[in-house]
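Take a look at the protein below. This report walks through a few of its features, one heading at a time.

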Amino acid sequence: MRRQQRGRDRRQEIIQAGARLLAAAGPGNFSARRVAAEAGVPLAAVTYYFESLDELLGLATARVVAGWLDHGTRVAQSFINGDIPDSATALILALLPGSAAMPVTQWRLATLARYELLLSAGRSPVVSAALAAVRPALNELVTTIAKHSATPITLSAATILAVIDGAAVGAISENVPDPVAFMIDTLGAALR
């Protein structure tokens with residue numbers, strides 16, 4: 001019994017290590033060797049606990065996107081409580097990693113890893129499935145923030161997400177000095 005629990009715990013540790021690796025470095029750096037190193041386990045443990053690297057990638061992706069939702073939910077609650085001044089700021093902070101107080105270089109790397117993961121879905125059915133599973137909850141999160149906005153928001157959740165994604169990619173690719181402010185301004189203009 002205790003041995004089975006240790007096996008379940010080790011499997012969860014490996015999934016969590018894979019999620020940390022994905023969130024920090026993106027899917028291009030996801031390998032059994034790197035996950036094993038991140039988890040502090042022998043490489044053989046990865047192949048023992050998972051039928052394939054794709055299985056681990058899917059589970060790690062699901063863990064990452066669950067973290068995105070948890071983060072977004074906390075930000076939405078802060079907005080509802082009046083701790084965040086406007087809906088554009090709340091939406092940006094809810095849907096992207098970190099916070100406005102995060103150093104720009106750290107924000108860039110975290111956001112870059114996020115968009116690399118999103119783009120990899122086009123080549124990976126397990127990543128695509130994990131992201132598709134979370135989309136309704138992301139739409140609901142956007143809708144919740146929109147409902148509590150001081151000014152009416154008429155854009156759909158899908159349109160708001162598209163504006164945020166476009167602004168994020170633009171901020172990263174153009175090396176904008178203050179990407180969070182750029183994105184808040186871009187979304188704010190779209191919401192007016």
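## The largest pocket

What volume does the largest pocket have? The answer is about 280 Å³. Keep in mind that this is a predicted model.

A set of 20 residues lines the largest pocket. Closest to its centre are Ala23, Val64, Gly67, Trp68 and Pro97. What kinds of residue make up the lining of the largest pocket? It divides into 13 nonpolar, 4 polar and 3 charged residues.

## A charge over a ring

Trp68 is one of the residues closest to the centre of the largest pocket. Arg114 lies over the face of the Trp68 ring. The distance from the ring centre is 3.9 Å.

## Two salt bridges

How many salt bridges are there? The count comes to 2.

Another salt bridge forms where the side chains of Arg20 and Glu38 meet, at 2.8 Å from N to O. Here, too, the pair links distant parts of the chain. Arg20 sits in helix 1, while Glu38 sits in helix 2 (residues 32–39), and 18 residues separate them. Arg20 counts as partly exposed, at 38% relative accessibility. Glu38 counts as partly exposed at 36%.

## The aromatic pair

The structure holds 1 aromatic pair. Tyr48 and Tyr49 form it. A pair of aromatic rings is described by the distance of the centres and the angle of the planes. For Tyr48 and Tyr49, the centres are 4.9 Å apart and the planes stand at 90°. Why does this pair count as edge-to-face? The angle of 90° is over the 60 degrees that an edge-to-face pair needs.

The two tyrosines can also be described by their accessibility. Tyr48 is exposed, because its relative accessible area of 65% is over the 50% cut-off. Tyr49 counts as partly exposed, at 22% relative accessibility.

## A positive phi in a loop

Most residues other than glycine have a negative phi. Which residue has a positive phi although it is not a glycine? It is Asn175, with a phi of about 55°. Asn175 is found in the loop between helix 8 (157–173) and helix 9 (179–191). At 52% relative accessibility, Asn175 counts as exposed.

Now turn to helix 9. Ile184 is found there. Is Ile184 buried or exposed? Ile184 is buried, because its relative accessible area of 17% is under the 20% cut-off.

Ile184 can also be placed relative to Ala90. These two residues are 94 residues apart along the chain. Their C-alpha atoms are separated by 8.9 Å.

Methods
Residues numbered from 1 in each chain as written. Predicted model: local features only at pLDDT ≥ 70, side-chain atom pairs only at ≥ 80, totals over all residues. Heavy atoms only, no water. Phe/Tyr/Trp six-rings, centres within 6.5 Å; stacked < 30°, edge-to-face > 60°. Buried < 20%, exposed > 50% of the residue type's maximum accessible area, 1.4 Å probe, protein only. Lys NZ or Arg CZ within 6 Å of the ring centre and 35° of its normal. 1 Å grid on protein atoms, 1.4 Å probe; cavity = no way out; pocket = protein on both sides within 12 Å on 5 of 7 lines; lining within 4 Å. Points joined across faces, edges and corners; volume = space filled by probe spheres on them. Nonpolar A, V, L, I, M, F, W, Y, C, P; charged D, E, K, R; others polar. Salt bridge = Lys/Arg side-chain N within 4 Å of Asp/Glu carboxyl O. Helix = DSSP H or I, 4+ residues; strand = E, 2+ residues; numbered from the N terminus.
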